Amino acid sequence: MSSPASSFDWRIPAIWAALLTVSVLAHTHVEIANETARGVGMPYGTALAIQVSSHLVVAALLPVIYWLHRCFPIGERPRNLVVHGAAVVPFSIVHTVGMAALRFVWFGGILGKTHSFPLTLDRMLYEFAKDIIAYGLLSAGVVALRHYLTRPADSAVAAGAATPEAIPQPQQPPLAPRPERFAVRRKGREIMVEVGEIDWIEASGNYAVLHVGEETFEIRSSLTRLEGELDPKRFVRVHKSHLVNIARVVEVTPWVSGDWRIRLQGGAEVNLSRRYRQRFEALAPVRT
């Protein structure tokens with residue numbers, strides 16, 4: 001059983017750190033642009049410190065927002081939306097007072113500079129209006145990340161409930177065993193023909209003719225059916241009417257119209273149609 005520390009998803013703080021960093025840089029440029037439009041110059045370091053103080057408090061409040069969404073999920077009950085609406089008030093108060101305290105410490109206590117940020121009613125209402133939007137955006141981020149990071153495949157692996165190897169895979173039907181011999185009837189008797197001794201097989205209507213040396217045997221089967229039953233590494237289609245045992249091929253020579261001629265151990269010769277040549281060469285490449 002894993003401990004809480006080992007199951008902690010470090011992607012969450014990493015994503016929020018990246019988002020808040022981008023927000024700090026964007027708001028810093030907006031702050032400088034607003035002051036410039038008013039005819040007041042503001043150093044980049046000052047604007048950056050102002051935004052860092054605000055975002056540090058937001059980062060500290062994020063765990064509280066996560067707790068609220070865990071206890072009062074939006075969309076589950078109407079009253080939960082009311083809870084989150086009411087939560088904006090303490091969120092804004094803590095945010096405003098917190099960033100004021102950080103700025104006082106940084107500018108007054110460390111840099112020895114004055115920085116005016118009076119906590120008047122007008123200031124609190126102004127920050128509250130902005131914090132309504134901020135709380136909504138943070139809540140949207142919490143919900144979006146929860147849905148993204150807890151997708152079925154991710155949650156199963158993260159919780160240790162299942163690994164990709166342990167996820168049940170659909171059962172494949174077992175392959176039918178390849179025939180090693182055929183029973184053929186001749187003169188009222190069943191004769192066993194070893195598959196490995198077959199030179200080639202020829203289509204003949206509803207039957208297939210097995211050529212074994214100088215002998216032939218008929219079985220009731222189509223050539224296509226036999227092609228599917230026999231080992232594809234041993235028997236290959238070389239013509240619409242012929243299958244050959246690749247182990248019984250002794251010679252391949254060019255013939256007419258791009259076809260080739262195959263000679264087998266039993267002395268028989270069959271066509272290798274150019275349509276099927278690629279299949280044949282996959283097992284026995286022809287070097288010219």
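The model is predicted. Aspartate 199 sits in a loop between two strands. The structure holds one aromatic pair.

**Aspartate 199**

- Aspartate 199 lies in the loop that runs between β2 (189–194) and β3 (200–204).
- Its relative accessible area is 2%. Aspartate 199 therefore counts as buried, since the cut-off is under 20%.
- The side chain of aspartate 199 has a polar atom 2.9 Å from the backbone nitrogen of glycine 213.
- Leaving out residues up to four places away in sequence, aspartate 199 touches His211, Val212, Gly213, Val244, Asn245, Arg248, Leu264 and Gly266.

**The aromatic pair**

- A pair of aromatic rings is described by two values: the distance of the centres and the angle of the planes.
- There is one such pair in the structure. It joins phenylalanine 91 and tyrosine 135, with ring centres 5.5 Å apart and planes at 75°.
- The pair is edge-to-face because an angle over 60 degrees counts that way.
- Phenylalanine 91 belongs to helix α3 (residues 78–110), and tyrosine 135 to helix α4 (residues 121–149). The pair therefore ties together parts that are 44 residues apart in sequence.
- Are these residues buried or exposed? Phenylalanine 91 is buried, at 6% relative accessibility. Tyrosine 135 is buried too, at 5%.

**A charge over a ring**

- Arginine 103 places its charged end over the ring of phenylalanine 117. The distance to the ring centre is 4.7 Å.

Methods: Residues are numbered from 1 along each chain as its sequence is written. This is a predicted model: local features need pLDDT of at least 70, side-chain atom pairs count only at pLDDT 80 or more; totals for chains, interfaces and linings use all residues. Side-chain values use heavy atoms; hydrogens and water are left out. Helices (H or I, at least four residues) and strands (E, at least two) are DSSP runs, numbered from the N terminus. Buried means under 20% relative accessible area, exposed over 50%, partly exposed in between (1.4 Å probe, protein chains only). A polar contact is a pair of N or O atoms within 3.5 Å; within protein, one must be able to donate a hydrogen and the other to accept it, and residues adjacent in sequence count only if both atoms are side-chain atoms. Contact means heavy atoms within 4.5 Å. Rings of Phe, Tyr and Trp (its six-membered ring) pair if their centres lie within 6.5 Å; planes under 30 degrees apart count as stacked, over 60 as edge-to-face and the rest as tilted. A charge sits over a ring if NZ of Lys or CZ of Arg is within 6 Å of the ring centre and within 35 degrees of the ring normal.
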